Amino acid sequence: MPARPLIDLHAHSTASDGTLGPADLVRAAADAGLDVVAITDHDTTAGWAAAVDALPAGLSLVRGAELSCRWQGAEPALPLHLLAYLFDPEHPELVAELARVRQAREARGERIVELLRADGIDVSWPEIMAAADGGTVGRPHIAAALIRAGLVATTTEAFGPQWLGQRYRLPKEDIDVFRAVALVRAAGGVPVFAHPRASRRGRIVPDSLIAELAEAGLAGLEADHEDHTPAEAAHVRRLATDLGLLVTGSSDFHGSHKTVRLGAHTTAVEAYERIVAAASGVTGVASG
């Protein structure tokens, strides 16, 4: 590995709501000059095998997922995301919970489309499912349908309050965040809180919750992220230091669904090595 390797630990493929297939994702990571990339699709490991099979020489792959979680300590309950790295993809309880969340996502997506159609908006659920091509269906797939229909110009516009951000937004049946941390640890994985201070996404959790999660097994916080202001990223780093947590930085790459590029934010090698050392799920990091 180079003296200053480029490590991006948060990227999505078509196995969830990215626009590059898993094989194309790892090739794009190599083309971007990365030394390590993580595949972290929403609530699924479906892209792992194809990413490993296509792994270019010189690139290491961290297999992971981004879990849809919820904290019940606020009213209404507060959604948040947990990055899970190098866990056993066959751990029975985690497999069952991820399947439940994916099914709930699909049911929610279909209900959103029904609401849109009831208002005379011509989008097709079968077309959206076909475009997802077996991937975990989410609001970005509905946003893409709105773009194809010429109703909005961008994914950002589709996620505005007149569309999927508020008027046609429905809650998801996510995993309780403390249960998610416990399940990831039980599966030999390493849990890291994704973009914990991103106020532009909506409500954020209090630092006291993160302290409780650290006691429950949370390993790290994602600090450098496109949706964090410099002040928010600095706050996350200070909090991680106070709690003894590792710090990551990542692009949260989604292909053409977002403008951020692979490697826009990266993780220090020391944090990466702590993740690898702490994991006992999948055997090591796949390397091309």
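This is a predicted model: local features need pLDDT of at least 70, side-chain atom pairs count only at pLDDT 80 or more; totals for chains, interfaces and linings use all residues.
The end C-alpha atoms of residues 7-71 lie 29 Å apart. This span is 25% helix and 32% strand. A UniProt annotation, from an unreviewed entry, covers residues 7-71 and reads "domain: Polymerase/histidinol phosphatase N-terminal".

**Nonpolar cores**

- The largest nonpolar core has 67 residues.
- The residues with the most contacts inside this core are Leu-9, Val-37, Leu-67, Tyr-85 and Leu-221.
- Leaving aside residues up to four places away in sequence, Leu-221 touches Val-192, Phe-193, Pro-196, Ile-210, Val-236, Leu-239, Ala-240, Leu-245, Leu-246, Val-247 and Thr-248.
- Another core, of 18 residues, lies apart from the largest one; Ile-112, Ala-145, Leu-164 and Tyr-168 are among its members.
- In soluble globular proteins, nonpolar side chains tend to be buried together.

**Aromatic pairs**

- The count of aromatic pairs comes to two.
- One of them is formed by Trp-48 and Phe-87, with ring centres 5.3 Å apart and 55° between the planes.
- This pair counts as tilted because its angle of 55° falls between the limits of 30 degrees for stacked and 60 for edge-to-face.
- The pair links distant parts of the chain, as its two residues are 39 residues apart.
- Trp-48 belongs to helix H2 (residues 48-53), whereas Phe-87 sits in the loop between strand E4 (78-85) and helix H3 (92-118).
- Trp-48 has a relative accessible area of 7%, so it is buried, the cut-off being under 20%.
- Phe-87 is also buried, with a relative accessible area of 1%.

**Helix H9**

- Helix H9 takes in residues 230-243, which makes 14 residues.
- At 1.5 Å a residue, H9 should span 20 Å, and its end C-alpha atoms are 20 Å apart, so the two values agree.
- Glu-232, Ala-233, Val-236, Leu-239 and Ala-240 are the buried residues of H9.
- The buried residues of H9 pack against helix H8 (207-216), strand E7 (220-224) and strand E8 (246-249).
- Three buried residues of H9, Val-236, Leu-239 and Ala-240, are among those that Leu-221 touches.
- Just after H9 comes Gly-244, which takes a positive phi of about 75°.

Methods
Residues are numbered from 1 along each chain as its sequence is written. Side-chain values use heavy atoms; hydrogens and water are left out. Helices (H or I, at least four residues) and strands (E, at least two) are DSSP runs, numbered from the N terminus. The expected span of a helix is 1.5 Å times one less than its number of residues. Buried means under 20% relative accessible area, exposed over 50%, partly exposed in between (1.4 Å probe, protein chains only). Contact means heavy atoms within 4.5 Å. UniProt positions are given in the numbering used here, feature names are shortened, and annotations may be inferred rather than shown by experiment. A nonpolar core is a set of buried Ala, Val, Leu, Ile, Met, Phe, Trp, Tyr and Cys residues joined through side-chain atoms within 4.5 Å. Rings of Phe, Tyr and Trp (its six-membered ring) pair if their centres lie within 6.5 Å; planes under 30 degrees apart count as stacked, over 60 as edge-to-face and the rest as tilted.
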